[in-house]
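The sequence and the model come first, and the description follows.

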Amino acid sequence: MSKVLDEINEKYAGKLVAEKVDVNQHPEVAREHNVRYVPTLLFIDAEGKVLRQEVGYRSLDQVLSIFKEAGVTIE
């Protein structure tokens with residue numbers, strides 16, 4: 001997922017932000033969001049509300065589609 005997240009930060013700077021959290025180093029974040037498997041993607045809006053949670057690898061196109069389905073304007 002690192003490559004996809006890096007690509008999001010490069011191509012969509014100012015519109016989307018992708019952050020990586022090592023749940024081994026930050027178990028409190030995993031507990032807060034009920035993360036049980038890696039990778040887990042949290043789609044969070046500008047106000048900090050979790051729009052969707054996905055478990056497993058997602059391609060760039062899939063990630064962008066999920067944001068669009070949630071009503072996030074990317075283009």
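Contact here means heavy atoms within 4.5 Å. Helices (H or I, at least four residues) and strands (E, at least two) are DSSP runs, numbered from the N terminus. The model is predicted: local features need pLDDT of at least 70 and side-chain atom pairs count only at pLDDT 80 or more, while totals for chains, interfaces and linings use all residues. Residues are numbered from 1 along each chain as its sequence is written, and side-chain values use heavy atoms, with hydrogens and water left out.

**Overall fold**

Three helices and two strands make up the secondary structure of the chain, in the order α-α-β-β-α along the sequence. The chain has a radius of gyration of 12 Å, close to the 11 Å that the globule rule gives for 75 residues, so it is as compact as a globular protein of that length. That radius is taken over C-alpha atoms, and the rule is 2.2 Å times the number of residues to the power 0.38. The C-alpha trace spans about 35 × 25 × 20 Å along its principal axes.

Of the contacts with a separation of 6 or more, 30% are between residues 24 or more positions apart. The chain exposes about 5,500 Å², and carbon and sulfur atoms supply 47% of this area; accessible areas come from the Shrake-Rupley method with a 1.4 Å probe, and for residues only the protein chains shown count as cover. Buried residues account for 27% of the 75 residues. Buried means under 20% relative accessible area, exposed over 50%, and partly exposed in between (1.4 Å probe, protein chains only).

| H1 (residues 2–11) | Val4, Leu5, Ile8 | 100° | Lys3, Glu10 |

The arc is that of the directions from the helix axis to the C-beta atoms. In H1, Val4, Leu5 and Ile8 are buried. Seen down the axis of H1, these residues fall within an arc of 100°, so they line one face of the helix.

After H3 comes Gly71, with a positive phi near 90°.

**The aromatic pair**

There is one aromatic pair in the structure. Phe43 and Phe67 form this edge-to-face pair, at 4.9 Å centre to centre and with 70° between the planes. Rings of Phe, Tyr and Trp (its six-membered ring) pair if their centres lie within 6.5 Å; planes under 30 degrees apart count as stacked, over 60 as edge-to-face and the rest as tilted. Phe43 and Phe67 are both buried.

Two residues in the loop between H2 and E1 have local features. Asn34 is found in this loop, and its phi is near 55°, a positive value in a residue other than glycine. With 48% relative accessibility, Asn34 counts as partly exposed. Pro39 is placed in the loop between helix H2 (27–32) and E1, and the peptide bond from Val38 to Pro39 is cis, with omega near 0°.

Thr40 belongs to strand E1. The side chain of Thr40 reaches the backbone oxygen of Tyr37 at 2.4 Å. Leaving aside residues up to four places away in sequence, Thr40 touches Val35, Gln53, Glu54 and Val55.

Glu54 is placed in strand E2. Is Glu54 buried or exposed? At 12% relative accessibility, Glu54 counts as buried. The side chain of Glu54 makes a polar contact with the side chain of Arg58, at 2.6 Å. A polar contact is a pair of N or O atoms within 3.5 Å; within protein, one must be able to donate a hydrogen and the other to accept it, and residues adjacent in sequence count only if both atoms are side-chain atoms. Again leaving aside residues up to four places away in sequence, Glu54 touches Pro39, Thr40, Leu41, Phe43 and Ile66.
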